[in-house]
Amino acid sequence: MGFVTATADRLTIRNFIETVGIFRTLSSSGFRRFSTYRQATVAATATNTMFGFVRTYVMLAVAGSAVAAGGQVAGYDAPQLVTYVWAGQGLIGVVALWGWTELADRIRSGDVVTDLLRPVHPVLGYLLPDLGRAAYALLTRFVVPVAVGGLVFDMYLPQRAATYPLFAASVLLAVLVCFAGRFLVNAAGYWLLDTRGVLMGWAVCAGMLGGLYFPIRFLPDGLAAAVYLGTPFPSVLQIPLDVLVERDPPAGQLGLLGIQALWAGLLLTACVLVQRRAERRLVVQGG
Amino acid sequence: MAEPSTLAIYRRLVAAQVRSQASYRASFALDLVSNVVFLGADLLAVLVVFYRVPVLGGFSLTDTLLVFGLSSLGFSLADLTVGNIDKMSRHVRTGLLDAVLIRPLGVLWQLLVLDVGVRRLGRVCSGVVVLVIAVRLAEVPVTPANLLLLVVTPLAGAVFFSAVFVATATVAFWWVDSGELTAALTYGGRDFTSYPMTVYGGWFRHLLAFGLGFGFVAYYPALVLLDRPDPLGGPAWLGWCGPLLAAVAAALAALVWRTGVRQYRSTGS
């Protein structure tokens, strides 16, 4: 085994089976870790459910007002908006929209050095546990609000069988995009001492342009298109929800997935590049 | 050496916090701006909805803006002063609370000045601007009674939301990892009060608007200002109940807080 430094080549992983093993171990570690935070999961799910009620009533009032005027709102009817709101509240936990400051905290404390010594690329080292975390959230934080919403309100269920696998793919892409976005804002910590402002900026944009407060299609058409194509945020929440409520025909759904895939590729590449620059710059204070 | 008064100590603690936060200039500026944008995001949600529909629960855009303005100014005042108490569960988990408990100053007050949210000043400023614009747009008649109500309502709202902040944060004494739970009633309450109560239905409205009292933060005062009868059939004097309700809420929150502190057990970390 050779000499290892942060900026030298990482140990090469020898074969395919070993790689699969590392992937499985790392992602299941994320799953297990988050499954121990039971109180936090219950608290967050209860909060998402509360917001689900408030937003659903507002959206139902919007749909009611639109029906009175003789139409739909931006192509959604009332049950579609109900599904939109509750699945959206569930997805917040799956993609982990806010509140992930682990990398920023580790950069600040210097613990990040340990990550650089591991034989796995740091981006991958954070991504794989995050996928495990997302899987756990899907079983808890997604299922509960959607079930509550479905029991209390009239919800839209996908009419086309193909929508389910498309939705699954879209959620996976959303997790990747959101992870990459969070990684990048956290990595700002390599350059800024206090990352609160950047993290706050991310939280605001992700909620507003991600379609959490209102579906982005409520905006004037040109503006909505600009947000979908020009920012990664709709890829985090809005697009999986659009796919789920079948806002568009199958071709449209595929197009939306394409946008997500593009953003996922772009942002993950950016993560790797930013990480490389950061490692050349990082000075860890001893002590 | 003369001992500084308690008030002077708090003043120093706050000043130190302001200086420490402002010293990371880039981040502080971004933080201030983000906070203004945050209110902008809520406001944008209302505007976007009205871009698609002319009325919401029987209320026009200008009427809804008045409700929104009263609610968000009240909330942002509470958020500025007591908002950081929502980190309570972290204080319990990390054992910071133990350190706070042995100092000869009020526990709650210490926690409040510990991480005072100077950056949230941006939200208060934009809250005032939104309310003033809403009052103009809704053509609220300028009478002494209306002016009094316009001053009293955000203040009562601030006290009410502060009580909600403190009471929900107390949960952390029993339930260490309660983290986001506080947001359900604080930020959730703000979102709830931002719209006319007519939007909500059934038991949900009864529970939050009347059971927990959120209906009196902005909706009923706004009806008085707009000189509109309540579509839900409530009498007009309900609009003046805000301060009374805020006082009750504050008393209850103080009781809950004291109970929590008294039975606090350190997590040992």
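**View 1. Overall fold of chain A.** Chain A has 11 helices and 0 strands (DSSP runs numbered from the N terminus; helices are H or I of at least four residues, strands are E of at least two). The model is predicted: local features need pLDDT of at least 70, side-chain atom pairs count only at pLDDT 80 or more, and totals for chains, interfaces and linings use all residues. Residues are numbered from 1 along each chain as its sequence is written, while chains are lettered from A and ligands numbered from 1 in the order in which they are written. Along the sequence, the pattern of chain A reads α-α-α-α-α-α-α-α-α-α-α. Its C-alpha atoms fill a box of roughly 70 × 35 × 35 Å along the principal axes. In chain A, 49% of the 287 residues count as buried (20 or more other C-beta atoms within 10 Å of the residue's own; exposed means 12 or fewer, partly exposed in between; C-beta atoms are placed from the backbone). Of the contacts in chain A with a separation of 6 or more, 82% join residues 24 or more positions apart (contact: C-beta atoms, placed from the backbone, within 7 Å).

**View 2. The interface of chains A and B.** Here 36 residues of chain A are in contact with 38 residues of chain B. On the chain B side, two or more residues each come from helix 2 (25-52), helix 9 (181-185) and helix 10 (187-193). Helix 2 of chain B gives the most, with 15 residues. By class, this side of chain B has 26 nonpolar, 7 polar and 5 charged residues (nonpolar: Ala, Val, Leu, Ile, Met, Phe, Trp, Tyr, Cys and Pro; charged: Asp, Glu, Lys and Arg; polar: the others, Gly among them).

**View 3. The largest nonpolar core.** This core has 161 residues (a set of buried Ala, Val, Leu, Ile, Met, Phe, Trp, Tyr and Cys joined through C-beta atoms within 7 Å). V62(A), V95(A), A174(A), V177(A) and F160(B) have the most contacts inside it. Helix 8 (residues 144-174) of chain B gives the most to this core, with 15 residues. Beyond its neighbours within four places in sequence, V62(A) contacts V73(A), V49(B), R52(B), V53(B) and L56(B).

**View 4. The loop at G75(A).** G75(A) sits in the loop between helix 2 (38-68) and helix 3 (78-95) of chain A. It counts as partly exposed because it has 14 C-beta neighbours inside 10 Å. Leaving out residues up to four places away in sequence, G75(A) touches R217(A) and R247(A). A137(A) is 62 residues from G75(A) in sequence and 30 Å away in space, C-alpha to C-alpha.

**View 5. Helix 4 of chain A.** In helix 4 (residues 102-109) of chain A, the buried residues are L103(A), A104(A) and I107(A). They lie on the same side of the helix because they cover an arc of only 100° around the axis (the arc of the directions from the helix axis to the C-beta atoms). They pack against helix 5 (112-117), helix 6 (122-152) and helix 7 (163-187) of chain A. Just after helix 4, G110(A) has a positive phi of about 95°.

How values were computed
Two residues are in contact if their C-beta atoms, placed from the backbone, lie within 7 Å.
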